[in-house]
Amino acid sequence: MKQPLLGQKILEWRKAKGLTQEELVERCNINVRTIQRIEAGEVTPRFYTVKAILEVLEVKPEEMRSFQFEKQEDTGSGKLYPWLRFSFIAGILYLVLAVIESVIDVQLFIEKTSFSAGFGYVYTFLKMSVLVLFILFTGAFYKLGETFSNLFLKIMTVMLIIMISTFILEDVVSYWSGKDLITGLIFRSLISGMVYVLFASSLLHLSKNQGATYIIAGTLGILTGVSFLTVVFALPGLILLTLFEISLVVLLFKEYKKGAESIISHPITKEQLIL
């Protein structure tokens, strides 16, 4: 059965049972956004999700036999599941290296350590590792933006990656040249504040349909951005930034565990639905 037709039939069966979407999802243990997208024909659900829905709606096997089913091909969104798993792991590694990086940067700023080629190679490797892991980590949010049709999230993810890439490359060049390339910490604080506020806002935009995890992450991101914008509270903002990034890792983990219903790992076949 083509996905739009499947969603339409589920909608009809649900209404025939006199159930609201909220009542149906409570019995199926899925979220409202999922059933909304299934009924609208926007996603291809896993076969066991469909079976759970049909069991609640008490749809008889003979009702399903009257339809023609087609094998459903994987779509671009099918790549989201491995992305979430990969990005979740990259996020954990990024957080570990980012803490080490921050400690070293603070030490360099306070002690004004003299140039050392040996340390420079280690410092450069650390910075490049952090950058690569950050891109792999935040790249999942671009994918989520595609899945949820959120252009704002996609744009802000790109802006965040550009900002962090610029700052990290500047750190490396500044170390080797001994010169600061931009106006300093105040400029960084202001730019970071604006980008984090906007990026967090794009997460809050999704919170209505995606739940508390997005609210928590979005709120922490807003607080982080505001702290940086004040400049005065930029240092406490670093603690909030760490909490914000941890919440982003948790968010990816939860999306990974949910299977992000838009992922197609098993084609839905007639036999699976009437078992």
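At what angle do helix 7 (residues 117-147) and helix 8 (residues 151-177) pack? In this predicted model, local features need pLDDT of at least 70 and side-chain atom pairs count only at pLDDT 80 or more, while totals for chains, interfaces and linings use all residues. Residues are numbered from 1 along each chain as its sequence is written, and side-chain values use heavy atoms, with hydrogens and water left out.

The angle between helix 7 and helix 8 is about 175°, and their axes lie 9 Å apart; axes are lines fitted to C-alpha atoms, for helices over the stretch in contact, and angles run from 0 to 180 degrees between N-to-C directions. Helices are DSSP runs (H or I, at least four residues) numbered from the N terminus. The two are therefore roughly antiparallel, a term for angles over 145 degrees.

Helix 10 and helix 11 are likewise roughly antiparallel to each other, since their axes cross at roughly 160° and come within 8 Å. Helix 11 contains 25 residues and spans 35 Å from its first C-alpha to its last, close to the expected 36 Å (1.5 Å times one less than its number of residues).

How values were computed:
Angles under 35 degrees count as roughly parallel, over 145 as roughly antiparallel, 65 to 115 as roughly perpendicular and the rest as oblique.
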